[in-house]
Protein chains: 2
Amino acid sequence: MISKLIDRIVNTGAPIVVGLDPKLDFVPEEMKKKCFEEKGENLEGAAEAFWQFNKEIIDHIYDIVPAVKPQIAMYEELGIPGLITFKKTVEYCKEKGLIVIGDIKRGDIGSTSLSYAAGHLGSVTIGGKTFKGFDEDFATVNPYLGSDGVKPFIDVCNKEDKGIFVLVKTSNPSSGEFQDRLIDGRPLYEHVGEQVEKWGLESMDGSYSNVGAVVGATYPEMGRVLRGIMPHAYILVPGYGAQGGTGKDLVHFFDKDGLGAIVNSSRGIIAAWKSDAYKEFADGKVGEAARAAALTMKADIESALRA
Amino acid sequence: MISKLIDRIVNTGAPIVVGLDPKLDFVPEEMKKKCFEEKGENLEGAAEAFWQFNKEIIDHIYDIVPAVKPQIAMYEELGIPGLITFKKTVEYCKEKGLIVIGDIKRGDIGSTSLSYAAGHLGSVTIGGKTFKGFDEDFATVNPYLGSDGVKPFIDVCNKEDKGIFVLVKTSNPSSGEFQDRLIDGRPLYEHVGEQVEKWGLESMDGSYSNVGAVVGATYPEMGRVLRGIMPHAYILVPGYGAQGGTGKDLVHFFDKDGLGAIVNSSRGIIAAWKSDAYKEFADGKVGEAARAAALTMKADIESALRA
């Protein structure tokens with residue numbers, strides 16, 4: 001699967017993933033009103049608003065970026081109707097040719113991780129036929145439980161040509177509380193990074209592995225070290241834009257050939273229509289603003305990589 | 001919320017939580033056949049089988065145990081129909097007076113954890129009205145992202161009288177890979193345990209806190225140490241029975257008054273009808289076998305605590 005993602009990155013020239021993390025505040029009033037009228041001012045109406053909002057963005061970016069990353073928490077917040085929108089979003093993105101990274105951060109004991117892996121990346125067999133729960137292309141995985149919790153995902157990656165990104169060093173301010181603590185003189189995240197590299201050798205797909213890593217743009221120096229520790233891992237980099245990461249922070253996450261990393265932006269793209277930088281779209285042109293913001297981000301990364 | 005759980009533990013005399021982690025293999029053929037005939041031999045039919053299976057168990061145990069712990073992965077594996085069964089199960093258990101611990105092991109950056117917390121423990125406001133996504137009483141939380149990822153759950157606990165159990169030392173064989181690594185001479189899980197104790201002081205409810213900890217029955221010596229480090233944290237103990245933990249392993253997790261811990265068993269109870277120990281229920285008496293197994297487990301823990 002990582003080779004498919006790389007193909008799309010090369011074809012679009014944009015190592016960018018758009019975080020589809022909707023909030024009601026991001027949805028223009030008129031769009032919200034229509035959805036509430038149709039489905040009610042309730043969870044169903046809010047989930048419909050997320051769906052219309054996502055569709056608008058997807059329709060305007062699918063030809064210029066390789067991938068999207070819906071954060072399932074935003075959908076889970078709305079219960080079942082929200083998760084129905086999550087599923088429809090995954091399906092629609094795949095129809096449009098986008099690679100879908102389910103940002104689910106799951107991870108549990110082996111038998112339980114197996115169920116998560118089957119539900120999100122694999123399939124389940126009922127009466128001899130196979131069925132798919134959510135069917136993303138990639139999922140994010142939490143490493144706290146060790147190999148037991150990660151291996152079932154790797155098995156599904158190998159069986160169904162899918163991929164994962166394992167949390168190594170997250171973008172949030174308190175990520176250091178445990179991740180930075182020194183073990184044998186080196187921070188925990190480096191030890192996790194070493195495991196990611198090892199796990200990855202079990203699922204190679206070209207020069208890179210289907211087992212990638214999450215490393216926050218907000219910690220560029222750690223990105224540099226981790227790039228070296230995990231030569232076969234693609235790095236998914238959150239934290240660009242709204243969380244504070246900039247283009248020049250990103251250079252260290254990439255390999256010399258400009259591959260090896262894909263940078264996520266959520267609010268900075270999907271809520272661009274509300275920001276001062278894109279005032280011309282302030283009358284609710286969600287999609288146009290998202291496209292403009294994605295192109296600006298592409299140029300920012302390009303120029304940083306060229307420097 | 002922890003005081004409500006303790007009341008129910010005292011009233012039933014059973015520091016036991018039944019893990020509602022259904023698998024199609026656990027569902028008797030006749031029950032499965034009926035569900036498949038009604039809903040199709042597909043995700044909907046399998047989800048219906050989980051629902052009928054859960055109901056049978058709940059109806060036979062609700063008066064003798066204080067709590068249940070549905071593992072959401074088992075439901076997520078079946079996609080949307082599975083999650084509808086998860087939601088119905090949570091509702092039905094609460095109607096029956098059971099405390100529901102959603103075993104969701106979520107955890108993310110702050111703004112994202114806020115969405116998980118709202119969806120599982122809290123509520124979401126739409127047009128001035130509040131709606132609830134899944135509405136469990138407790139949720140399990142992964143600490144890898146540090147305080148940012150945990151605090152939004154604590155805020156919701158305080159606002160809505162709910163609780164969480166933070167993963168400290170998990171029951172699986174590879175849990176030591178990262179959790180046992182030494183930091184300043186002490187394993188990571190002790191450092192996480194110290195944070196749990198600190199976080200817990202922000203949500204006290206009687207002698208214990210709404211912020212509990214998950215510590216596997218498979219590591220009794222570590223349970224003893226962690227019991228001391230987290231005097232205000234209730235300990236949720238998985239790994240009893242099928243995973244290898246026994247009654248006498250559990251003593252160290254409890255305080256001297258017999259409180260302070262609640263022990264989970266999943267397969268050992270819900271699939272008891274398939275085990276040699278409960279042959280008299282082998283013709284598909286799921287509920288009766290579950291009740292017998294729960295009573296046996298209660299006696300096992302009682303005798304261990306008395307010894």
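Reply: Chain A and chain B bury about 5700 Å² between them, 62% of it on carbon and sulfur atoms. Buried area here is the accessible area (1.4 Å probe) that two parts lose on being put together, summed over both. The size of an interface is often given in this way, as the accessible area lost when the parts come together.

This is a predicted model, in which local features need pLDDT of at least 70 and side-chain atom pairs count only at pLDDT 80 or more, while totals for chains, interfaces and linings use all residues. Residues are numbered from 1 along each chain as its sequence is written, chains are lettered from A and ligands numbered from 1 in the order in which they are written, and side-chain values use heavy atoms, with hydrogens and water left out.

In terms of contact (heavy atoms within 4.5 Å), 68 residues of chain A meet 68 residues of chain B. Across this interface there are 33 residue pairs in polar contact, both residues being at pLDDT 80 or more. A polar contact is a pair of N or O atoms within 3.5 Å; within protein, one must be able to donate a hydrogen and the other to accept it, and residues adjacent in sequence count only if both atoms are side-chain atoms. On the side of chain A that touches chain B, helix α6 (residues 110-120) gives the most, with seven residues. Helices (H or I, at least four residues) and strands (E, at least two) are DSSP runs, numbered from the N terminus. By class, that side of chain A has 32 nonpolar, 23 polar and 13 charged residues. Ala, Val, Leu, Ile, Met, Phe, Trp, Tyr, Cys and Pro count as nonpolar, Asp, Glu, Lys and Arg as charged, and the others, Gly among them, as polar.

Six salt bridges run between chain A and chain B; a salt bridge is a side-chain nitrogen of Lys or Arg within 4 Å of a carboxyl oxygen of Asp or Glu. One of them pairs A:Asp184 with B:Arg181, with the closest N and O atoms 3.1 Å apart. A:Asp108 also forms a salt bridge with B:Lys105, and here the closest N and O atoms are 2.9 Å apart. This pair crosses between chains, from the loop between β3 (99-106) and α6 of chain A to strand β3 (residues 99-106) of chain B. Both A:Asp108 and B:Lys105 are buried, buried meaning under 20% relative accessible area, exposed over 50%, and partly exposed in between (1.4 Å probe, protein chains only).

The structure holds 47 salt bridges over all chains. Within chain B, B:Arg106 forms a salt bridge with B:Glu76, the closest N and O atoms being 2.9 Å apart. B:Arg106 lies in strand β3 and B:Glu76 in helix α4 (residues 72-76), 30 residues apart. Both of these residues are buried.

B:Lys94 and B:Asp135 also meet through their side chains in a salt bridge (3.0 Å, N to O). B:Lys94 is in helix α5 (residues 79-95) of chain B, and B:Asp135, 41 residues apart from it, is in the loop between β5 (129-131) and β6 (138-141). B:Lys94 is partly exposed, with a relative accessible area of 29%, whereas B:Asp135 is buried at 18%. In chain A, salt bridges that share partners join A:Lys94, A:Lys132, A:Asp135, A:Asp137, A:Glu160 and A:Lys162 into one network.
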